[in-house]
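Colleague: I have the model open and some questions about it. Can we go through them one by one?

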Amino acid sequence: MSVSTTAAFYQLTLNCQLVWQFGVLLLTGQPLYKKTCSSVITKPSWLSVSSIMFLHNHRQTIFTLQIILLGFVVLCLRISGTVTIPSVIQLLAASTFAIYHLVETAMTSRHGEYPIMYALWALYFFNDEYVDGALLGIAVNFVFAAGLSKLSIGGIKWVSPVTMSTYFSVYRNSNSFLTRPLMPNLNKYMARHDEYMTGVSIFTLVLECVVVPGSLFMPSHWRPIVAAIMVLMHVGIAVTMSLQVGLVFLSTFPIYIMGFQSDGVEPWTGQNIGPWITALIIGLLPFFLLVIQFLQHQLFHQNCFPNMILPEDWPLSAISLFMWSGESAGIMHRLLMTLDTRMVFATSATLSAGDIVGRKVIQHDNSTWAWNQCFQVANSIQKDPVVHCCRMRSIGFTQLKGGNSLLKTFFMLQDNQACNSKTEDFVKQTENWLQSEKRLLEAHTGHFLSFAFMVRIDSNMRVVEVLLRGSK
């Protein structure tokens with residue numbers, strides 16, 4: 001990799017991080033470390049509770065340090081004029097970014113910076129000859145995994161016009177201007193025409209499952225076109241579907257721009273084939289893993305639900321982005337997100353304080369409440385325990401943390417049926433996951449969320465009726 005390419009990746013990453021963080025401050029009035037605060041922390045399975053709580057309590061320092069160290073690497077590269085800067089500096093930058101990413105995703109469950117984290121480690125571990133291939137592979141891996149999740153979970157139904165029209169409608173009708181599209185009238189016009197919705201679905205799948213993995217076999221001078229298409233796709237998302245969904249991938253742009261401009265990776269020259277093999281292995285890894293899981297199912301678990309999604313456990317992710325078909329997304333939206341029913345989680349301490357009827361339901365995007373409770377008035381929460389909405393904690397348009405067993409029961413749900421046996425199975429399976437995995441923590445107490453309920457809420461987001469319980 002050339003000196004200019006290495007410096008350009010760090011510079012692009014720094015620039016995008018600065019624009020992203022200042023953009024959040026400008027649009028919301030809150031710095032990123034506050035805006036990304038949540039009432040629930042997702043703990044990696046291998047990390048202790050005390051460790052994740054320590055990192056959470058020092059999030060402001062961590063968010064600041066990752067910017068400082070990225071800037072320090074850029075400064076060192078400019079001063080030295082060579083790619084040979086002390087490896088300890090790159091190690092510090094990659095480590096700090098990884099810690100920042102762990103803390104940020106533990107709150108937001110955002111996928112967009114996984115490839116940046118992987119790329120920074122690639123810059124540290126791979127020598128100059130192979131870094132180009134690693135960056136290309138990481139870029140392909142990220143996009144291809146998102147496409148495969150749509151095919152493996154949404155299936156052929158994902159191409160139906162109902163899919164994109166559902167997502168378009170959900171975001172257009174949001175109460176937040178940030179969540180709505182920049183051009184809601186265009187959104188509404190497109191959603192009324194099935195041919196447009198089908199076209200968007202087909203374009204997305206072809207881009208993510210054909211064009212992007214196919215870039216591994218393209219001449220290198222064609223790949224910048226793929227980078228441009230990826231950037232323009234996110235611009236299109238912001239304009240026609242959701243400003244927020246488009247903006248949150250701003251910090252992903254460095255891997256698109258640098259990964260798809262890896263001019264040292266040529267598939268057919270027969271010379272210096274190592275970087276291309278590196279890109280091929282990394283880029284097609286999601287496909288290989290799904291094939292392995294499918295074969296395991298066929299050979300050993302023929303009576304079980306097939307493995308259709310990879311585990312979501314930092315630093316690994318299935319990169320599942322809008323993988324639900326329109327039918328599934330609609331049921332999720334109505335049953336768990338917007339009408340008067342929710343699946344909520346509670347700690348044992350909350351249950352010991354009395355019945356959850358009357359308790360406040362805290363949603364994923366209630367960052368102001370979460371920040372106040374965690375860092376300003378934590379003691380007051382003991383007077384009024386709360387429950388936490390499942391959205392983006394265990395399941396959402398871009399999340400499924402409960403794995404394949406939860407996926408099976410979710411597919412059994414029926415629209416507008418909050419109290420039937422299928423919904424009860426879903427709530428029970430979710431509670432089984434909460435108690436067996438012990439991954440979700442209440443941020444202001446550090447207690448595990450261990451109990452699941454299907455409830456009815458009022459206009460003030462308080463529980464008025466418990467419809468189903470995960471356990472008797």
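Colleague: How do the residues lining the largest cavity divide into nonpolar, polar and charged?
Modeller: There are 5 nonpolar, 5 polar and 5 charged residues in that lining. Ala, Val, Leu, Ile, Met, Phe, Trp, Tyr, Cys and Pro count as nonpolar, Asp, Glu, Lys and Arg as charged, and the others, Gly among them, as polar. This is a predicted model, where local features need pLDDT of at least 70 and side-chain atom pairs count only at pLDDT 80 or more, while totals for chains, interfaces and linings use all residues. Residues are numbered from 1 along each chain as its sequence is written, and side-chain values use heavy atoms, with hydrogens and water left out.

Colleague: What volume does the largest cavity have?
Modeller: Its volume is about 140 Å³. Of the 15 lining residues, Thr42, Thr105, Tyr114, Trp314 and Lys401 are the closest to its centre. On a 1 Å grid over the protein atoms alone, a cavity is a set of points where a 1.4 Å probe fits but cannot get out, a pocket is an open set with protein on both sides within 12 Å along at least five of seven lines, and lining residues have an atom within 4 Å of a point. Grid points are joined across faces, edges and corners, and a volume is the space filled by probe spheres set on the points.

Colleague: Which helix gives the largest share of that cavity lining?
Modeller: Helix 5 (residues 87–108), with 3 residues. Helices (H or I, at least four residues) and strands (E, at least two) are DSSP runs, numbered from the N terminus.

Colleague: And the largest pocket, how much space lies in it?
Modeller: About 1,500 Å³. It is lined by 49 residues, of which Thr179, Gln244, His364, Asp365 and Arg391 are the closest to its centre. Helix 1 gives the most to this lining, 6 residues. By class, the pocket lining has 22 nonpolar, 21 polar and 6 charged residues.

Colleague: Switching to strand 8. Why is it largely enclosed by the rest of the structure?
Modeller: Because 7 of its 9 residues (449–457) are buried, where buried means under 20% relative accessible area, exposed over 50% and partly exposed in between (1.4 Å probe, protein chains only).

Colleague: How many bridges join strand 8 to strand 2?
Modeller: 7 bridges, with the two strands running antiparallel. Two strands pair if DSSP finds at least two bridges between them. Arginine 342 has valine 455 of strand 8 as its bridge partner. Strand 8 is also joined by 5 bridges to strand 9 (residues 463–469), again antiparallel, and there isoleucine 457 stands opposite valine 463.

Colleague: Which residue in the hairpin of strand 8 and strand 9 takes a positive phi?
Modeller: Methionine 461, near 60 degrees. The hairpin has 5 residues between the strands.

Colleague: Which residues touch the most other members of the largest nonpolar core?
Modeller: Phe260, Trp324 and Leu336, in a core of 127 residues. Helix 7 (residues 128–154) supplies the largest share of this core, 14 residues. Apart from it lies another core of 12 residues, including Val455 and Met461. A nonpolar core is a set of buried Ala, Val, Leu, Ile, Met, Phe, Trp, Tyr and Cys residues joined through side-chain atoms within 4.5 Å.
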